[in-house]
Amino acid sequence: MRHGPGWYLSLSAYWFATSFKWFLVLLVILPAKVAELSPPEEKASRLGFFFGLGAVMAILGPPIMGYFSDRLGRRKPFLLAGSLLTAIALLLLAHAPSYLWLLVAYLLLQVADDLATGPYSALIPDLVPRKERGTASGYMGVLQVSGQILGGAVGFLLPLAFQAYLAAFLNLLGAGLSLRVTPDRPSGVHPRPFLAAMAGPWRDRDFLLVYLTRFLVMLGFYLAQTYLQYYLADVVRVFQALGRTLAKEPFQAVALLGLLISLGAALASVPAGKASDRLGRKPLIYLSGAGLGLLMPFILLFPRYDAMLFLALFFGLFYGVYLAVDWALVADVLRDPKAHATDMGLWQTAIVVPQVLAGAFGRPLDLLNAREEGLGYLVLFLLAGGFFLLGAFLVAPIRRAR
């Protein structure tokens, strides 16, 4: 039986809520609360500690929770418990009276998120037939970027506490919608011991190639995104288009670029996902990687804000194509139906580790720019373009996907 748009939207609803939640927590709520509850001279180091702690938990949590879900052969209890604890943690985060309570709330939020999303990430390979996975991945992609767009609007318009309330409400609503289409798996439990389950996927050549593909594409994305505001401030400097000043500050200018990237990704995701069901995953991955990689030199060649607005929309379109296909691609190569949550949890770390590595590039960027003005940005964007191209064309040798 082919599924309709309503079913796909329900399946992806919790991913929308998760994307919305993390956009607000990481960009708005957590930095504001750390600044409120810390001495001014310690706020940056304390925020860095939170981000580092979150990265470690995001690497370890999803595969561990996925493994327990596979052992029980069930998804629903994890999504239900994780979504409820997430809502509680968001309220604690917004009203934490001290730095210690803020740390407790953030730890609870990380555990709750891993508890829900580790098993939840297995639903596409669990429930969607191979010939429809591109469509499902496309809906997942469009709801992911839609959550970020809404998060940007809410972060701009609502007070801090109301942002957390809305994130908690949408988290529960998204979980409720996804739970409606999530049956408990009837196929039994996974028999492998923990260490064997964690090591097994890395011996699978196709899984390793899919992991490296996402790792490299995400590394390129976070290298470009993390330091884009500094590039605007140091190189572009004037934020005009059609003779009008669109932003006065670099943070406003980068927010507008981010909005255009998200809009482009939202427009491309569902059509690209459906196309991958007809044409195969690899041609769409090639298209997205080549497009993203070849756009990077144009950022350097045309350091004008009006040109960057144009490039941001096209970047979003190519990025949306990638988002539409990567979930379907990994679902196609998974071998063991009883280990979907474990394997998908491991695959999710391919988006976390690149964030950490991109953050570590800050010091080399400063050193290169000090040696020659703009040299750091030249290296940065060319590296990002190279990672996009290399990541995309690594899918060529994959055997269990076309």
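1. Contacts first. Of the contacts in the protein chain between residues at least 6 apart in sequence, 85% join residues at least 24 apart; contact here is heavy atoms within 4.5 Å. Keep in mind that this is a predicted model, where local features need pLDDT of at least 70, side-chain atom pairs count only at pLDDT 80 or more, and totals for chains, interfaces and linings use all residues. Residues are numbered from 1 along each chain as its sequence is written, and side-chain values use heavy atoms, with hydrogens and water left out.

2. Overall shape. The protein chain has a radius of gyration of 21 Å, which agrees with the value near 21 Å for a compact globule of 402 residues. That radius is taken over C-alpha atoms, and the globule rule is 2.2 Å times the number of residues to the power 0.38. Along the principal axes, the C-alpha atoms fill a box of roughly 60 × 50 × 40 Å. Buried residues account for 55% of the 402; buried means under 20% relative accessible area, exposed over 50%, and partly exposed in between (1.4 Å probe, protein chains only).

3. Secondary structure. The count for the protein chain is 16 helices and 2 strands. These are DSSP runs numbered from the N terminus, with helices being H or I of at least four residues and strands E of at least two.

4. Helix 1 against helix 4. Helix 1 (residues 5-37) packs on helix 4 (residues 99-120) at an angle of about 165°, and their axes are 12 Å apart. That makes helix 1 roughly antiparallel to helix 4. For the terms: axes are lines fitted to C-alpha atoms, for helices over the stretch in contact, and angles run from 0 to 180 degrees between N-to-C directions; under 35 degrees counts as roughly parallel, over 145 as roughly antiparallel, 65 to 115 as roughly perpendicular and the rest as oblique. The residues of this contact divide into 16 nonpolar, 4 polar and 3 charged.

5. Lys-33, worth a look. Lys-33 sits in helix 1 and counts as buried at 3% relative accessibility. Setting aside residues up to four places away in sequence, Lys-33 touches Leu-93, Ala-94, His-95, Ala-96, Leu-102 and Leu-160.

6. His-340. This residue belongs to helix 14 (residues 340-360), and at 7% relative accessibility His-340 is buried. Apart from neighbours within four places in sequence, the contacts of His-340 are Asp-70, Arg-75, Ala-122, Pro-125, Asp-126 and Leu-334.

7. Phe-49. Helix 2 (residues 43-72) holds Phe-49, which is partly exposed with a relative accessible area of 42%. Neighbours within four places aside, Phe-49 is in contact with Tyr-99 and Leu-103.

8. Not counting residues up to four places away, Gly-391 touches Thr-213, Leu-216 and Val-217. Gly-391 and Gly-293 are 98 residues apart in sequence and 9.9 Å apart in space, C-alpha to C-alpha.

9. One backbone check. Arg-237 has a positive phi of about 70° although it is not a glycine. Arg-237 is in the loop between helix 10 (228-236) and strand 1 (240-241).

Conventions
Ala, Val, Leu, Ile, Met, Phe, Trp, Tyr, Cys and Pro count as nonpolar, Asp, Glu, Lys and Arg as charged, and the others, Gly among them, as polar.
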